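Welcome, and thanks for taking a look at this protein with us. Have the sequence and the 3D view open side by side as you read.

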Amino acid sequence: PTRYADRMARTWRIGEVAERTGLTRRTLRHYDHLGLLTPSERSWGDYRLYVDADLLRLLQIQSLKALGLSLAEIGAALADPNLDASATLRSHLAHLEERIAGERALASRLRTLAGSAERSWDDVMDAIALTTRLAHPDPIVRLRAALQAPRRVSTELLDALVAEPDAAVQEVLIWSLAQQPDAAEAALARLGDAHSPRALLVRLLGKLGGPALVPTLVDLLTDPDRAVVVQAVHALAQSGDSRAAPRLVELLGTGSVPVADLVDAITPLGEAALEPLSRALGSPSAATRSAAAEALGRLGGGLSTEHGGQSSSLLAPLLHDTDPQVRMSALLALGELG
């Protein structure tokens, strides 16, 4: 009796399923008629009852339907023994998140249009046309829209970048935004939005460049998101601004950013990186000492004779370091110094 009660507690009549899911009884009966979803149990009064497995199958049907499959295609997919239910749900989740991102972008565009008293009707029509093309399902159309964007629509371009899933279109949008005079201000404002792809926005800031952005990029080197930190390093490598030297050197040996990327960012900084690297050579971490030696070897080759000699003096003691990797890095760095 207990097992029977437990089983009955997990069954639902068609009216209950319709009420709880928002589907009509007619739809559920249609699914039954097509063989897509037949209730697994019957009550003493011959009522058809849905069980847990039926509800999971119903969720799969609705997920596949949301992805654009016809009922016939859904039936074929569900008949496939290799169908991965989890993969189906993940695909539906990705589709749903893409729709949410699009709705957020649309809301942002409408908010901009509603809040700007200076925007002309020509601007409005340009924004509508660009918005339509940037939301087109064909990435080629979106790419062309990014290339042909007028210079006064950075808000629409930024909305499109935030929602764009295609990497090639992303790059063209970044290039197009780099031509916009107010793109940096708009991108900085978006960095505080938790729903924005912040690493992508930092990559945009790197393309925009300029000394005014360096303090923000330096602050981002301590961001908890590793992807954001990596993009900040790449952006600072393009800037060559000496203000970034201490923070970039602090990342050596931490593992948060590839050493090669950090060395590429530190090398253009010249003499400004000598003192921070000197401190890093005395770090208790062997990984930090090794990475600092590698950076110093690359850096020293472009310094004056005086500073090149200073680099050699800093590296020489590491030939007797207790860690073999540090000794090897020091030897290779001295070889670069000649």
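Predicted model: local features only at pLDDT ≥ 70, side-chain atom pairs only at ≥ 80, totals over all residues.

The protein chain holds 20 helices and three strands. Of its 338 residues, 38% count as buried.

**The chain as a whole**

- The accessible surface of the protein chain is about 18400 Å², and carbon and sulfur atoms account for 55% of that.
- If you look at contacts between residues at least 6 apart in sequence, 59% of them join residues at least 24 apart.

**Helix 12, an enclosed helix**

- Helix 12 spans residues 198-208, and eight of its eleven residues are buried, so this helix is largely enclosed by the rest of the structure.
- The buried residues in helix 12 are R198, A199, L200, L201, V202, L204, L205 and G206.
- R203, which is in helix 12 as well, counts as partly exposed at 23% relative accessibility.
- Just after helix 12 comes G209, where phi is positive at about 65°.

**Salt bridges**

- D32 pairs with R48 in a salt bridge, with 2.0 Å between the closest N and O atoms. D32 sits in helix 3 (residues 25-34) and R48 in strand 3 (residues 48-50), so this pair ties together parts that are 16 residues apart in sequence.
- Is D32 buried or exposed? D32 is buried, with a relative accessible area of 16%, because buried means under 20%.
- E171 is partly exposed, at 34% relative accessibility.
- R298 and D264 meet through their side chains in a salt bridge, at 2.9 Å from N to O. Here too the link is between distant parts of the chain: R298 belongs to helix 18 (residues 286-300) and D264 to helix 16 (residues 259-266), 34 residues apart.
- R298 has a relative accessible area of 34% and is partly exposed, and D264 is also partly exposed, at 39% relative accessibility.

**S290 and its contacts**

- S290 is another residue of helix 18, and at 10% relative accessibility S290 counts as buried.
- Which residues is S290 in contact with, leaving aside its neighbours within four places in sequence? They are Q325, V326 and S329.

**A nonpolar patch on the surface**

- L319, M328, L331 and L332 form a nonpolar patch on the surface, and together they have about 370 Å² of accessible area.
- M328, one of the patch residues, lies in helix 20 (residues 324-337). M328 counts as partly exposed, at 43% relative accessibility.

Note on methods: Residues numbered from 1 in each chain as written. Heavy atoms only, no water. Helix = DSSP H or I, 4+ residues; strand = E, 2+ residues; numbered from the N terminus. Buried < 20%, exposed > 50% of the residue type's maximum accessible area, 1.4 Å probe, protein only. Contact = heavy atoms within 4.5 Å. Areas by Shrake-Rupley, 256 points an atom, 1.4 Å probe, with all protein chains shown as cover. Patch = residues over 30% accessible without salt bridge, like charges linked within 9 Å, V, L, I, M, F, W, Y side chains within 5 Å. Salt bridge = Lys/Arg side-chain N within 4 Å of Asp/Glu carboxyl O.
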